[in-house]
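This report describes a predicted model.

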Amino acid sequence: MGPRNSKHLSDDSACGDPEVASRNRKASSVSMLGVRREDLMVSAERIRRHTVKHLGFSTLSLAMRGLEEVPVELWEVRELQKLNLSLNCLSGLPSGLGRLANLVLLNLSGNQLSCLPAELGLLHHLRVLFAYRNHISEVPEELGACTKLEVLSLASNQIRSLPASLGAMKHLSHLNLSHNRVAHIPACVYAMRGLVFLHLAGNQLENIADQIQDLVNLKILIVEGNRLHALPKTLCSLSALELLNVDFNELQSLPGEMHLLLRRRLGKLACHPLDTGLHVAHNPLLKPIQEALQGGIGALYNYLKPG
């Protein structure tokens, strides 16, 4: 039996249109009917004609094609380095993904994925993985084998935790877990010593562990829109921190050691989401902290400064 039907690369349909989907299935069955394993390499040439060299990387974009399945011949394009499958209708990925061992960037965002394939762990050259805006609830342990990963975005999913194996990602600098269901920062995150950007907004965090002090390279920490009642004193030892966003939490006070951060790089109270500094609006801060905030960063610094 031949492989499952796949859509044409020229298909611009949306996955929600039954008439268009039916027409594309018929076209696909004609194009793939009878294709055997020995013919896949020939079929792969059809995909190679759509690849481009961008900044020296072999790149292919199949974004916004209304794909419900990935064309089976794609897994034969072994030289591919950057692959964009975003904004389709993919509900799963086959094991063939593991054949693309040269991938350095993989974009799976904006699909209907409920899980990530274990074969991701075979992509040992992967440096960037986008899987935000899916329905992912669990991350495979095998992903921890991608030790060269530098950027990982799993935002807007249904994730509650991460496997301990991800602690091996010593080169990871940017981690986005915003808008998930995380109640406790996964222990593996505190082992990611290379992190400079950690985005945890819109989760269910009630506390931050003292181990946050281990992220000595952290420059941006965003935890707005959680349920934090307090911040650990150890957070104030992060001398590289330039942006701390704790807006929209349940903080009634700030640790006195916060003056150390203000004296270093935070430097100001921030309002705009992209501003560096301390974001602490929309918290039930008790007086006289609230009055100090109204007096600006200088008043806050003097209030927090011991003695």
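## Leu 244 and its surroundings

Apart from neighbours within four places in sequence, Leu 244 contacts Leu 221, Leu 235, Met 258, Leu 261, Leu 266, Gly 277, Leu 278 and His 279. Leu 244 and Leu 106 are the residues with the most contacts inside the largest nonpolar core, which has 79 residues. Helix 2 (40–48), helix 3, helix 4 (289–294) and helix 5 each provide at least two residues of this core. Helix 3 gives the largest share, four residues.

Helix 3 spans residues 258–266, and its buried residues are Met 258, His 259, Leu 261, Leu 262 and Leu 266. Viewed down the helix axis, these buried residues fall within an arc of 155°, so they line one face of helix 3. The cover over them includes strand 10 (243–245), strand 11 (277–279) and helix 5 (297–304). After helix 3 comes Gly 267, with a positive phi near 70°.

## Confidence

The average pLDDT of the protein is 87, and 86% of the residues score at least 70.

Where pLDDT is low, the predicted coordinates should not be read in detail.

Key: Residues numbered from 1 in each chain as written. Predicted model: local features only at pLDDT ≥ 70, side-chain atom pairs only at ≥ 80, totals over all residues. Heavy atoms only, no water. pLDDT = per-residue confidence, 0-100. Buried < 20%, exposed > 50% of the residue type's maximum accessible area, 1.4 Å probe, protein only. Arc of directions from axis to C-beta. Contact = heavy atoms within 4.5 Å. Core = buried A, V, L, I, M, F, W, Y, C linked by side-chain atoms within 4.5 Å.
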